[in-house]
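Have the structure open while you read.

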Amino acid sequence: MKMIITIIIRLTLSCLVAGTIMGMTFVFTNKAKKANEFAREERVVYSLLGFSADNPIPASMGLYEVFRYLVIEAGQQSIGYLVPVGGHGEGGGFSFVRISLDGAFVDKTDVDISHEKVRERGDRDAAVQAAMGPDRQARFVDQTVIVTDEGKRTAYLLSGKFPGFKTNIAVMMALDPAYSMIGLEIMEHEEDPGLGAEIEQDYFKNQFKYKPFDKLKTIDVVKEPMPADYVKALEGGIDETAAVDIMKQYKDKDIYALTGATISSKSVSSGVKGMVKKFAYRLDILDQVLEQQHIGVPF
Amino acid sequence: MATDKTNFQLVANGILKENPIFKLALSMCPAVGISTTVINGLMLGTAVLFVQVFSSVTISLLKNFIHPRIRIPTYTLTIATWVTVIDLSLAAYFPAAYAKMGIFVKIIVAFAIITMRLEMFACKEKVSSSFWDGLGMGLGFLVGMVAIGFVRELLGSGAILGYDVLGFKPLLFFILPSAGFFVVGLMMGFFNWIEASYSARKKR
């Protein structure tokens with residue numbers, strides 16, 4: 001009996017010490033990790049929009065973040081959008097626009113938060129909750145970036161997650177104003193190396209490029225070998241304009257599934273399909289409401 | 001019962017006489033699975049080197065406090081702690097390398113070679129000896145991984161460190177996992193043959 005107790009005490013102590021060491025490392029490294037992730041996201045945004053560090057985004061362009069919240073009030077649900085107000089470059093504040101589930105305008109509340117703080121999830125959630133008051137509960141759902149150039153919309157950036165073969169697959173994609181695909185990037189996944197993990201390869205993810213909205217709405221996978229010229233164009237081994245031409249030839253075709261990873265391929269195509277469809281539906285409603293209520297937004 | 005070997009002998013022992021891969025034949029899964037290129041071998045070898053040295057020193061420091069009945073859980077806990085520390089540091093400061101081998105770093109917890117060295121050496125010896133022994137074993141593993149990676153990368157993809165040196169791919173077979181067994185086996189035989197002929201000449 002005595003030995004059991006000493007063993008229990010010693011093991012507990014060792015676990016506590018080990019836990020403390022791991023926790024301290026986590027605290028020390030977390031900041032650098034977050035910075036890395038943020039830098040990566042920014043790089044992906046740049047590359048999806050066709051810019052790089054040498055070719056920065058011009059001042060006439062604006063990137064506006066729209067945050068979607070789910071508001072629960074006495075069992076009633078409504079959707080809330082945190083949108084910037086005012087014209088481009090004026091740096092106006094933020095408003096929280098609530099829309100009921102059937103698409104009707106509910107109310108508009110001004111939210112007191114700066115443009116720097118709005119990117120920090122904790123600060124943003126607190127500000128939205130403060131604006132909503134204690135009776136309502138606001139839960140963050142997702143965010144979208146609307147890209148404008150000289151006041152006209154040029155692209156939407158959306159990020160999201162959907163279930164893959166093993167765990168969730170996180171993606172980021174750029175759509176043009178007609179909801180056609182500009183580019184898709186796989187941000188995070190845990191698919192099998194060599195099989196499902198191939199979804200992050202150019203020859204798979206670039207298949208989504210230039211697909212029009214009508215095709216994305218019904219996109220599926222086909223289990224056929226990919227034509228050789230298409231593979232070359234997707235991997236970027238040939239001249240860029242020629243590659244774009246070839247990709248556009250295949251724009252109304254379904255996605256060629258990866259060999260040995262049909263489920264992963266299907267998850268990505270149906271996940272992308274769902275994201276695009278829902279986004280287009282929601283944005284149309286939001287635009288309608290903003291126009292009816294004469295809420296001035298920079299996008 | 002302290003070891004009578006000098007520090008240099010301890011390090012050399014890990015690299016040559018008791019090389020984890022070619023002599024002890026421990027931790028064969030990573031040797032077979034990951035050593036497809038020199039860079040992979042180098043990165044995993046370095047991670048193992050750090051985990052081995054840190055764990056050996058920790059266990060050697062704490063050897064008088066470890067209850068003999070729970071020494072294996074304690075070893076596993078120690079290794080897991082250091083692997084987590086290295087995993088988090090790699091993720092934070094070397095994101096590019098981590099993106100490639102993050103999944104393999106976590107597997108180091110289960111590497112037989114580390115537990116075996118803690119059981120055989122670190123729990124009985126001085127801290128300084130354990131440090132040199134851990135360094136030797138880690139280096140031995142690193143050298144083994146790089147050597148296998150060199151052969152497989154050269155024969156499988158015709159390149160060294162990602163640079164195309166041959167201009168063609170001799171045998172794609174060598175970068176497949178099953179070829180790892182062949183390469184390890186052949187190299188094991190090669191090193192044994194060198195050692196046998198060396199000691200035979202010494203006797204004469």
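A:Met187 is partly exposed, because 16 other C-beta atoms lie within 10 Å (20 or more would be buried, 12 or fewer exposed, and partly exposed is in between, with C-beta atoms placed from the backbone). A:Met187 sits in strand 8 of chain A, residues 181-188 (strands are DSSP E runs of at least two residues, helices H or I runs of at least four, numbered from the N terminus).

Leaving out residues up to four places away in sequence, A:Met187 touches A:Ala170, A:Val171 and A:Met172; contact takes C-beta atoms, placed from the backbone, within 7 Å. A:Glu37 is 150 residues away from A:Met187 in sequence, yet their C-alpha atoms are 9.8 Å apart.

## Model and numbering

This is a predicted model, where local features need pLDDT of at least 70 and side-chain atom pairs pLDDT 80 or more, while totals for chains, interfaces and linings use all residues. Residues count from 1 along each chain as its sequence is written, with chains lettered from A and ligands numbered from 1 in the order written.

## A helix pair in chain B

In chain B, helix 4 (residues 71-93) packs against helix 5 (residues 95-107) at about 160 degrees, axes 9 Å apart (axes are lines fitted to C-alpha atoms over the stretch in contact, and angles run from 0 to 180 degrees between N-to-C directions). So helix 4 of chain B is roughly antiparallel to helix 5 of chain B, the label for angles over 145 degrees.

Among the contact residues are B:Val83 and B:Leu90 of helix 4 of chain B, and B:Tyr98 and B:Val105 of helix 5 of chain B.

## Between the chains

Across the interface, 15 residues of chain A contact 15 residues of chain B.

Technical notes. Two residues are in contact if their C-beta atoms, placed from the backbone, lie within 7 Å. Angles under 35 degrees count as roughly parallel, over 145 as roughly antiparallel, 65 to 115 as roughly perpendicular and the rest as oblique.
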